[in-house]
Amino acid sequence: MVGVIGDPVSHSRSPAMHNAAFEALEMDWVYVPFHVRASDLRSAVAGFQALGIRGVNATIPHKTALLSLVTELSPEAEFIGAVNTLVFESAGKIYGDNTDARGFVAAMDEAGIERPCEQKVVVLGAGGAARAIVAALVNVGVREIVIVNRTASKAESFAEEIAVRTTVKAIGIPLVEEALRIACRDAALLVNATAGGMDGVDPLLFCADGMLPPMVVYDIVYTPPETPLLKVAAANGCRTLNGLGMLVHQGALAFEQWTGIRPPVNVMTDALVASL
Ligand code: NAP
């Protein structure tokens, strides 16, 4: 048994995705959504371990709190400051990983988009998803990262942290039209890792004029499949990618950690699309 913990958790598409893969592989496994409140997290983790559950994914609000409950942490989870996958090993070991970063790159690879090695990239957002994407981009070997965020102080402190912890050049700027347009000028990749653009107010479109080929525009939001940002980017002739592949691949990577088996990504994608 594996599953996902969250509060709320009923909205999670992960059970559909993982159970479809188990069925396709004829594996006698099940993936269950567990509603766990923040105050019950420690006892829930101890309970999973005692019951012999193999692992769980974590969603809001547990990703940060799990950092202190694991016995071993992957370097990516440590950099991101959040755990999205727990693996319960024998002898009381609890391994905490974050598969979002590798899922982000796997989706690019699958789409045939070249990794932006030695290039400049622009990341919109400074929250948990942006941290995962920056971890991925650092591993890919980008030259420069511009963090753009509505709350400018968060962009600046995150950029300072990147510059201190890695060899990548990083700057943080506010989400304002002129600055964003300049930042986009010679960037190979623009990534939206904010929750903006979903509520009618769309400051992300500040960079509309700056999105020109050969820049690739990657919006990790997946509902709707073509976000306003991607619509404008495609109309400008840019190659675009939404967040569906990242969601599937972060799940596939967790599946592989728990079972040792590479799941059928196409089956997981179909199940996810059907559930959406
Ligand atoms: P988070 O930690 O809460 O961070 C939210 C970020 O969005 C912050 O940078 C915030 O800016 C910004 N933001 C929120 N509303 C905005 C608006 N109206 N205009 C401009 N910026 C706005 O959330 P998260 O976990 O990073 O998730 C961010 C998005 O990524 C969500 O839409 C989530 O669904 C998506 N996501 C997708 C995947 C995937 O697998 N495809 C994985 C993870 C997340 P401030 O700092 O100014 O508040």
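# Close-up views of the predicted model

**View 1. P224 lies in the loop that joins strand 11 to helix 8 (228-235).** Helices (H or I, at least four residues) and strands (E, at least two) are DSSP runs, numbered from the N terminus. The structure is a predicted model, in which local features need pLDDT of at least 70 and side-chain atom pairs count only at pLDDT 80 or more, while totals for chains, interfaces and linings use all residues. Residues are numbered from 1 along each chain as its sequence is written, and side-chain values use heavy atoms, with hydrogens and water left out. The peptide bond from T223 to P224 is cis, with omega near 0°. A cis peptide bond also runs from P213 to P214, with omega near 10°; P214 belongs to the loop between strand 10 and strand 11.

**View 2. The largest nonpolar core comprises 37 residues.** Such a core is a set of buried Ala, Val, Leu, Ile, Met, Phe, Trp, Tyr and Cys residues joined through side-chain atoms within 4.5 Å. Buried denotes under 20% relative accessible area, exposed over 50%, and partly exposed the range in between (1.4 Å probe, protein chains only). The residues with the most contacts inside this core are F104, L137, I145, I147 and Y218. Among the elements that give two or more residues to it are helix 4 (100-110), helix 5 (128-140), strand 8 (144-149) and strand 11 (216-219). Helix 5 supplies the largest share, 8 residues. With contact meaning heavy atoms within 4.5 Å, and residues up to four places away in sequence not counted, I145 touches V121, V123, V134, L137, V138, V168, K169, A170 and I171.

**View 3. Helix 6 has the buried residues A155, F158, A159 and I162.** These residues cover an arc of only 100° around the axis and therefore lie on the same side of helix 6; the arc is that of the directions from the helix axis to the C-beta atoms. An α-helix has 3.6 residues a turn, so residues three or four places apart point the same way. Helix 5, strand 8 and strand 9 (169-174) are included in what covers the buried residues of helix 6. The face turned away from the buried side carries the exposed residues E160 and V164. The expected span of a helix is 1.5 Å times one less than its number of residues; for the 14 residues of helix 6 this gives 20 Å, in agreement with the 20 Å between its end C-alpha atoms.

View 4. A side-chain N or O atom of K154 is 2.8 Å from a ligand oxygen atom. Backbone N or O atoms take part at A195, 3.1 Å from an oxygen atom of the ligand, and at I220, 2.8 Å from a nitrogen atom of the ligand.

**View 5. A91 has a positive phi, near 60°, in a residue other than glycine.** A91 lies in the loop between strand 5 (85-88) and strand 6 (94-97) and counts as exposed because its relative accessibility is 82%.

Definitions and conventions:
A polar contact is a pair of N or O atoms within 3.5 Å; within protein, one must be able to donate a hydrogen and the other to accept it, and residues adjacent in sequence count only if both atoms are side-chain atoms.
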